[in-house]
Amino acid sequence: MHYNVNCNHYKYETGTLVGVKGINSTDLKNYLSSKNIKPSYPRIKIYEYLSKHHTHPTVDEIYLSLLQEMPTLSKTTVYNTLKTFIEKGLVKLVTIEDNETRYDVDTNNHGHFKCENCRKIYDFPVNLEYDLRDELNGFQIKERSIYFKGICEACNNELDKVKE
């Protein structure tokens with residue numbers, strides 16, 4: 001699995017294109033086409049944004065970040081593009097809070113930790129392949145997710161400094 005979010009190249013692992021800093025538009029167009037997605041300019045820019053910003057952005061964050069470069073972009077286009085990406089397996093929906101939907105370009109199995117102080121969401125590797133045949137016999141599992149909430153290491157360190 002690939003969890004290096006600071007890479008300056010792209011990797012194609014288990015069907016996911018990650019870390020596309022410096023990827024050319026032809027490669028990105030080919031990648032979207034390989035997933036049977038028409039590589040329109042908005043779709044390319046939205047996927048590029050997700051691949052460069054591993055912050056689990058909301059629709060509003062994506063929209064506002066791309067608006068200056070694409071003044072005709074609408075939120076509807078962002079929503080529809082993300083829906084297509086989810087349907088084709090390019091992006092995962094991340095819902096940690098009931099009122100907050102975020103998107104993750106890393107579709108490999110991993111968990112999420114949301115800091116209650118700085119509000120950042122961190123990825124961490126997990127093994128979701130444990131055996132649940134007995135406990136969930138007859139169930140059809142469509143998604144496996146692990147979410148934690150708490151205080152991240154950086155915020156803990158800052159809080160410790162304040163206490164001293």
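1. Let's start with Gly111, which sits in strand S5, a run covering residues 110-115. Please keep in mind as you read that this is a predicted model. Is Gly111 buried or exposed? Gly111 has a relative accessible area of 0%, and because buried means under 20%, Gly111 counts as buried.

2. Who surrounds this glycine? Setting aside neighbours within four places in sequence, Gly111 is in contact with Tyr122, Asp123, Phe124, Val126 and Ile146. Have a look at Tyr147 as well: 36 residues separate Tyr147 from Gly111 along the chain, yet their C-alpha atoms are 5.9 Å apart.

3. Now for the helices. Two packed helices are described by the angle between their axes and the distance between the axes. Helix H1 (residues 25-34) packs with H2 at about 100 degrees, and their axes lie 10 Å apart. That angle makes H1 roughly perpendicular to H2. On the H1 side, the contact is made by Leu28, Lys29, Tyr31 and Leu32, while H2 brings Arg43, Ile44, Tyr47 and Glu48. Sorted by class, the H1 and H2 contact has five nonpolar and three charged residues, with no polar ones.

4. Helix H2 (residues 41-52) also packs with helix H3 (residues 59-67), here at about 115 degrees with axes 11 Å apart. H2 is therefore roughly perpendicular to H3. Their crossing is right-handed. Which residues of H2 and H3 make the contact? From H2 come Lys45, Ile46, Tyr49 and Leu50, and from H3 come Glu61, Ile62, Ser65 and Leu66. This contact of H2 with H3 divides into five nonpolar, one polar and two charged residues.

Terms used:
Residues are numbered from 1 along each chain as its sequence is written. This is a predicted model: local features need pLDDT of at least 70, side-chain atom pairs count only at pLDDT 80 or more; totals for chains, interfaces and linings use all residues. Side-chain values use heavy atoms; hydrogens and water are left out. Axes are lines fitted to C-alpha atoms, for helices over the stretch in contact, and angles run from 0 to 180 degrees between N-to-C directions. Helices (H or I, at least four residues) and strands (E, at least two) are DSSP runs, numbered from the N terminus. Angles under 35 degrees count as roughly parallel, over 145 as roughly antiparallel, 65 to 115 as roughly perpendicular and the rest as oblique. A crossing is left-handed if the near helix is turned anticlockwise from the far one by less than a right angle, and right-handed if clockwise. Contact means heavy atoms within 4.5 Å. Ala, Val, Leu, Ile, Met, Phe, Trp, Tyr, Cys and Pro count as nonpolar, Asp, Glu, Lys and Arg as charged, and the others, Gly among them, as polar. Buried means under 20% relative accessible area, exposed over 50%, partly exposed in between (1.4 Å probe, protein chains only).
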